[in-house]
Amino acid sequence: MQKWYHILHKNTGLSPYVWVVFYILPFYFIFRSSSTYEVVIGIVMIIVFFICYVLSFLSKGWLIYFWTSLQIIISIAMTVLFGYVYFSLFLAFFIGNIQNKIGFFTLYTIHLISTVVTINMGFVSKNTELFNQLPFVLVSLIAVILLPVTTYNWNKREKLQGELEHANKRISELVKLEERQRIARDLHDTLGQKLSLIGLKTDLASKLISKNPSLAQTELQEIRQTARIALKEVREMVTQMRGTRLEDEMFRITQIFKAAEIDFVLEGNPNLTNTSLMTENVLSMCLKEAVTNVVKHSSATRCSIVIEPSRTGLVVQVKDNGIGMIEDTLCLKGNGLRGMKERLEFVNGSMEICSSEGSTIVIRVPNVFKQPEKEAGA
């Protein structure tokens, strides 16, 4: 359970000063009574109620249900004796913060039934206090019905959001770890073997330089050729490190949707052949931003990515069945979407957004063909 003084303001959206009114209001109902005995009983019930309310937030296990049961009894007594029904609002809010599903539905049912029965008994017995505040009583009854469910769903959503963020961090850490291991393997395979070969040939050349200069010259030429090959392979490896392949990004996207419990469908081949590495890296960053928006803001249960390559260009569509985008977002006022647009403009690409039955982002980039290696070396 969270700290009660944090929850009041965070989850209700009301200022703590508004809740102070509910703290003071029961005393007004009590002091209207003509009997000193009833006033004393009422004050004792108010103090006990708020003590139980605080203890409910601070307790764990069965004590939570014990203190809540006492509050329900006091709320019923206050309604019958003084016509004060607003303790039910405190109970409705607290019950919504119970994380155990069975406990929540049990207390929610008990509280709802007891509140409805108590109010109806007051009307049947013609309690003037209830009739005088009839509109507020009806509003409180609606709150007793809706507030626990709303608060429970809100807390559940926050919990899932926290789990999703934790899963995303974990996935990011695993990706970094895998990337480090891949770099280590590539360095070992690329440089380790060739540096060993260069060392052996250097030793051999130093021995042959006085005995057989022509053979030593041949060894030196092979050393030079091996060094050039190693340098070329290192440059290729660094080039691959600078950008993210769409195929690799699609694997991470699949993991993110799986963690978020969103059905994901991929249409098309993410292994691009006619697209430059720079363009592919821009596409990967844009897809990462689009997928993040779907997970965090769309409330979608299904998302699809369609890859349609052609000889002259590439079209990628990201479509979800969520709540769509608001007008400000469609105008690219969000930093994420504006960043996507700027990245695409750098590679002469474009982006369109449609918000109908969910949202659809259409990304278009032209293909830039690489010069053949033979021509490039000419």
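1. Disulfides. The structure holds 0 disulfides, a disulfide being a pair of cysteine sulfur atoms within 2.5 Å. Cys303 is buried, at a relative accessible area of 0%. Cys354 is partly exposed, at 42%.

2. Basis of the model. This is a predicted model, in which local features need pLDDT of at least 70 and side-chain atom pairs count only at pLDDT 80 or more, while totals for chains, interfaces and linings use all residues. Residues are numbered from 1 along each chain as its sequence is written, and side-chain values use heavy atoms, with hydrogens and water left out.

3. Overall make-up. The secondary structure comes to 14 helices and 5 strands; helices (H or I, at least four residues) and strands (E, at least two) are DSSP runs, numbered from the N terminus. Of the 378 residues of the protein, 37% count as buried. A contact means heavy atoms within 4.5 Å. Among contacts between residues at least 6 apart in sequence, 67% join residues at least 24 apart.

4. Nonpolar cores. A nonpolar core is a set of buried Ala, Val, Leu, Ile, Met, Phe, Trp, Tyr and Cys residues joined through side-chain atoms within 4.5 Å. The largest one has 32 residues, and Phe49, Met78 and Phe87 are those with the most contacts inside it. At least two residues of this core come from each of helices H2 (16-31), H3 (36-58), H4 (62-82), H5 (87-96), H6 (101-124) and H8 (134-211). A second, separate core has 31 residues, including Leu164, Ile307, Leu337 and Ile363.

5. Phe49. Leaving out residues up to four places away in sequence, Phe49 touches Gln71, Ile74, Phe87, Phe90 and Leu91. Phe49 is also one of the H3 residues that meet H5.

6. How many of the residues of H5 are buried? The count is 10 of 10, and H5 is mostly covered. Among the buried residues are Phe87, Phe90, Phe93 and Phe94. Two packed helices are described by the angle between their axes and the distance between the axes. For H3 and H5 the angle is about 10° and the axes are 11 Å apart. That makes H3 roughly parallel to H5. Axes are lines fitted to C-alpha atoms, for helices over the stretch in contact, and angles run from 0 to 180 degrees between N-to-C directions. Angles under 35 degrees count as roughly parallel, over 145 as roughly antiparallel, 65 to 115 as roughly perpendicular and the rest as oblique.

7. Residues at the H3 and H5 contact. On the H3 side, Ile46, Phe49, Phe50, Tyr53, Ser56 and Phe57 take part; on the H5 side, Phe87, Phe90, Leu91, Phe93 and Phe94. The residues of this contact divide into 10 nonpolar, 1 polar and no charged. Here Ala, Val, Leu, Ile, Met, Phe, Trp, Tyr, Cys and Pro count as nonpolar, Asp, Glu, Lys and Arg as charged, and the others, Gly among them, as polar.

8. Glu219. Is Glu219 buried or exposed? Glu219 is buried, with a relative accessible area of 10%. Its place is in helix H9 (residues 213-242). Not counting residues up to four places away in sequence, Glu219 touches Lys201, Leu204, Ala205 and Leu208.

9. Asn293. This residue lies in helix H11 and counts as buried at 16% relative accessibility. Beyond its neighbours within four places in sequence, Asn293 is in contact with Ser298 and Leu337. Leu337 is also listed in the second core.

10. The loop between E1 and H11. Asn271 sits in the loop between strand E1 (263-267) and helix H11 (277-297) and is partly exposed, at 43%. Its C-alpha atom is separated by 6.9 Å from that of Leu246, 25 residues apart along the chain. Thr275 is also found in the loop between E1 and H11, but Thr275 is buried, at 8%. Thr275 and Asn367 are 92 residues apart in sequence and 5.1 Å apart in space, C-alpha to C-alpha. With residues up to four places away set aside, Thr275 touches Glu280, Leu314 and Asn367.

11. Positive phi. Phi of Glu261 is near 60°, a positive value in a residue other than glycine. Glu261 is in the loop between helix H10 (246-260) and E1 and counts as exposed at 67% relative accessibility. Phi of Ser299 is likewise near 60°. Ser299 is in the loop between H11 and strand E2 (302-309) and is partly exposed, at 48%.

Note on methods
Buried means under 20% relative accessible area, exposed over 50%, partly exposed in between (1.4 Å probe, protein chains only).
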